[in-house]
Amino acid sequence: MDFETIIGLELHAQVLTHSKMYCGCSASYSDAPPNTHVCPVCLGLPGVLPVINRAAVEKTVMTGIALNCSIPRYNKFDRKNYMYPDLMKGYQVSQYDLPIAVNGYVDVDVNGREVRVGITRVHLEEDTARLTHRSGVDGERSLVDVNRSGVPLMEIVSEPDMHSPEEAREFLIAVRRILRYIGASSGNMEEGAFRCDANVSQRSTDGSIIGPKVEIKNMNSFRSVERALEYEVARQRAALRNGETLVQETRGWLEDRAITVGQRSKEYAHDYRYFPEPDLPPVLLDEGFLAAVESRMPELPRVRQRRLREQYGLSHADAALLADEKAVADYYEAAVTAAGGHAREIAHWVTGELFAIARNRSELGEVGIPPTSLAEIVSMVVAGEVNALTGKELLTTLAGSDVSPRAYVAQHGLAQVRDADAVREVVLEVLAANPDAVADYRSGKKAAIGYLIGQGMRRMKGAGNPDALRRTMTDILDNDSSS
Amino acid sequence: MTHIGATTEMVVPVDLSLAEARRLLDKRELSAVELAEAHIARIEQVEPVVQAFITPMFEQAREMAAAADETIAAGEARPMTGIPVGLKDIFCTVDAPTTAASKILAGYRSPYDGTVVERLRADKAVFVGKLNTDEFAMGSSTENSAFFTTRNPWDPTRVPGGSSGGSAAAVAAGQAIATLGSDTGGSIRQPAGFCGVVGLKPTYGRVSRFGLIAFASSLDQIGPFTRSVEDCAMILGAIAGHDPRDSTSAPLPVPDYAAGLTGSVRGMRIGIAREFSAVEGMEPGVQAACEAAYETFAKLGATLVPVELPYSKYALPTYYITAPAEASANLARYDGVKYGLSSEAETLLETYLRTRGEGFGPEVKRRIMLGTYSLASGYYDAYYVKAQKVRTLIKRDFDRAFEQVDVILAPTSPTVAFPIGARTDDPLQMYLADIFTIPANMAGLPGIAIPCGFSDGLPVSLQIIGRAFDEATVLRAAHAYEQASGWHTYRPDIARLVAR
């Protein structure tokens, strides 16, 4: 029997804001010692009240717009009640029935196919404290770090529109890319700033069997999402084919064993007893606010990728690579503008040379080569003023300095010697000094020319042009048998 | 230090009104330190009987009074500078424990001052102590305090009302010139009535709740207890106003309430609602005193207009869905993990169960259970949602009434102070003590309780309810009545109280 996989994802993204969701504490806690970014409000002390972080609302609205959602003019906050030591107040201030954004979609490219995944809703809530469990000589203990408590958290819920682990992974990547583009979240999964839970089920293609929905948690990377889902699909299909009963449950992905295991269902049988948060009035988003947010929306990844292709004549692959990160695309376009053209060449230099030396693609700025410098280098290479090798060396030599590449080339005499007589002189010297290689070439071992060109380049100390050397050499070797 | 006038005229600082004390302090005829010492002496004298204070703050009071004297000497006095003030023990204060009269917070120290405390401190008011209340403000008699029951200074065998019973009794017994309480369903007005003092619940949103330990967030409101309406206006002006830390506080200007006390209600239209008279258990003495008060208003030139508030009879049941629901969430933070009582146990669940089992009293547990139940999946629509709809209807009744009248009069409570222990076995009887005060909470409206006579030797109280954010009119009506009737000048017999 054939089965179809049905996957829906629930994403949590920490919102990039200076302060926390309901208080003034700093929201960037990753390098902070435990319990230093805390105040009575995020500690949930008696008597405190929350205040909504406007920037978090703005970024969630931006996310909603970017995910093609409608933004209701009215949203409100609710209390989600459950007791756990990571939840300071015994309830989480979240949004239940009236979230910030609803009914959107994301178009995702999966192996050249376009898949549209519906977005059910995007709402805003607060992150919990972080618990660390330790055992030592004095027994087991749990430590609470409240720095994370109250950090703005966006929840993005998809429709069950994905039909393979690969689609789920691509959806996840696409959403992350969008969040990073609009500056709503770092999207960093390893640091826990971006998290993913999945609901997976199977349906037989004839519709006779509909398997129960299983929720998968503890997936901490894009790869583990795909692996966990692949495992779960296989597990569910095998069970259904063998006539075993599957139960609706929550299962945790164990990365090291590469399996999912059922979590005790009792712990998850929550009744959250949602009710409107009486400490916060409902949020009314007026037209002016929405227009202001709309006006700050950057061009989104898919649109930009298409424009890069069309405007600069780039290949699909280059456009995709450049559009993956907003910072890269911005860098690329700045370089093309500075160079006044050479769009394809600059694309190759960015995706080739710069990516090779940048530690992180999203931080091209750290390489220390401003787009104007790359524009000069590529322009000189294209014009034959320097050779490609020199161009590459300039990238590393000039990294972090404020010397212009053109000035540096002039100062160090790196400009290519293009004077035909000078080249001919060097070629004649090389041919004279390497009779064996010349003989090899003439006897049909044409590859020997590579060695001879290399010798020419050495003599010219980087100012040589390999094409000019090759042309002159073949010209002499093929026509002048006397030498 | 001597003060002018002391030889010719006996100044009894504990009997001063806030306005009189202000005048004497500003004229340097009385120092803040003297005023504080007089109140400390009174507290020491009557406290064995009254038991209004959970934590006296004598040392702090002396320091604050000394500082207040410097401010006065520098000519920088504000209305509350040097005035002895008591705080209900659910106001977070850095310099004294904040317990909410609960075992679960016994000895708890807040690392911050709430907004009203901060404002009074900035004005150099003098804090004399933290006052008894029903645990987490849940009750109508202070009998739910985990520590002790406060006695009514008019008759120590009777309750002072509640939950802010300590705040009401302290003002009645001269232990403070003014106190602050909180009113969720009547917790300022009802004890003010039982103790024969003035108590105001401002409009929801008029005074910041930041630093007030929450009972029911959509209903809680902070307000003052004083011995006169003018005093009430003065302290309200000091604590009211928008606070960016409380999103439900209104960004509206605060009028000069004291300046608005004209002494006249001539031409004012005053509503009398049938729903606020003929209830079961209404004492004839209370009914008679209130009706006499209505007549006084008519004699003063106001027009009495019958109004209808048909949904008010649902206010009590609606309140007992809404308030416990919010309380069930507000009290979830007391789990033995972070602060307060923590009962040792093997597992997390056991820690929760034992801490909360030992830390909360029976009424608090009852309300947590009520609230948890009405929010539970499957019951939510039938209880919580329905209650919110009724709440809207109650509000609409008032909106309609206030199209015709400027204020509405009602008894504060259907009875005078009842004997200690009389209602502790019957929560429903206890809940009925708030039947006339709850509607104003459900509608978010301001309401004041002022003395309007006696029944069987115990104070009867008149309630004046006004339009949202129109405390000025409420105070003006209350002040005119007070001046005409003089009921506020009656004080319990302290000598007899202490002799018992």
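This is a predicted model: local features need pLDDT of at least 70, side-chain atom pairs count only at pLDDT 80 or more; totals for chains, interfaces and linings use all residues.
Contact, in this tour, means heavy atoms within 4.5 Å of each other.

Select helix α3 of chain A, residues 222-241. This helix lies across β1, β10, β11, β12 (249-254) and β13 of chain A, and runs at about 25° to β10(A). Next select helix α2 of chain A, residues 165-181. Helix α2 lies across β1 (3-14), β5, β6 (113-126), β9 (152-158) and β10, and its direction is at about 115° to β5(A).

**The sheet itself**

In what order do the eight strands of the open sheet in chain A follow one another? The order is β5-β6-β9-β1-β10-β11-β12-β13, and the pairing is mixed. The edges are formed by β5 (101-110) and β13 (259-262), each of which pairs on one side only. On average, neighbouring strands of this sheet are turned by 30° against each other, direction ignored.

**The interface between chains A and B**

Show both chains and colour the residues in contact: 30 come from chain A and 38 from chain B. The area buried between the two chains is about 2600 Å², and carbon and sulfur atoms give 63% of this area. On the side of chain A, select A:Pro46, A:Leu49 and A:Met83, which lose the most area to chain B and together account for 25% of what that side buries.

Turn next to the polar part of the interface. Between chains A and B there are 17 residue pairs in polar contact, counting pairs with both residues at pLDDT 80 or more. Strands β3 (78-81) and β14 (275-276) of chain A each supply at least two residues of the side that touches chain B. By class, that side of chain A has 21 nonpolar, four polar and five charged residues. The count of salt bridges between the chains is one; select A:Asp279 and B:Arg209, whose side chains meet at 3.0 Å, N to O.

**Two backbone details in chain B**

Most residues other than glycine have a negative phi, and most peptide bonds are trans. Select B:Gln51, in the loop between α2 (32-50) and β1 (53-56) of chain B; phi of B:Gln51 is positive, near 55°. Finally, select B:Gly162 and B:Ser163, which are joined by a cis peptide bond with omega of about 10°. B:Ser163 is placed in the loop between β3 (126-131) and α5 (165-172) of chain B.

How values were computed. Residues are numbered from 1 along each chain as its sequence is written. Chains are lettered from A and ligands numbered from 1 in the order in which they are written. Side-chain values use heavy atoms; hydrogens and water are left out. Two strands pair if DSSP finds at least two bridges between them. Helices (H or I, at least four residues) and strands (E, at least two) are DSSP runs, numbered from the N terminus. Axes are lines fitted to C-alpha atoms, for helices over the stretch in contact, and angles run from 0 to 180 degrees between N-to-C directions. Buried area is the accessible area (1.4 Å probe) that two parts lose on being put together, summed over both. A salt bridge is a side-chain nitrogen of Lys or Arg within 4 Å of a carboxyl oxygen of Asp or Glu. A polar contact is a pair of N or O atoms within 3.5 Å; within protein, one must be able to donate a hydrogen and the other to accept it, and residues adjacent in sequence count only if both atoms are side-chain atoms. Ala, Val, Leu, Ile, Met, Phe, Trp, Tyr, Cys and Pro count as nonpolar, Asp, Glu, Lys and Arg as charged, and the others, Gly among them, as polar.
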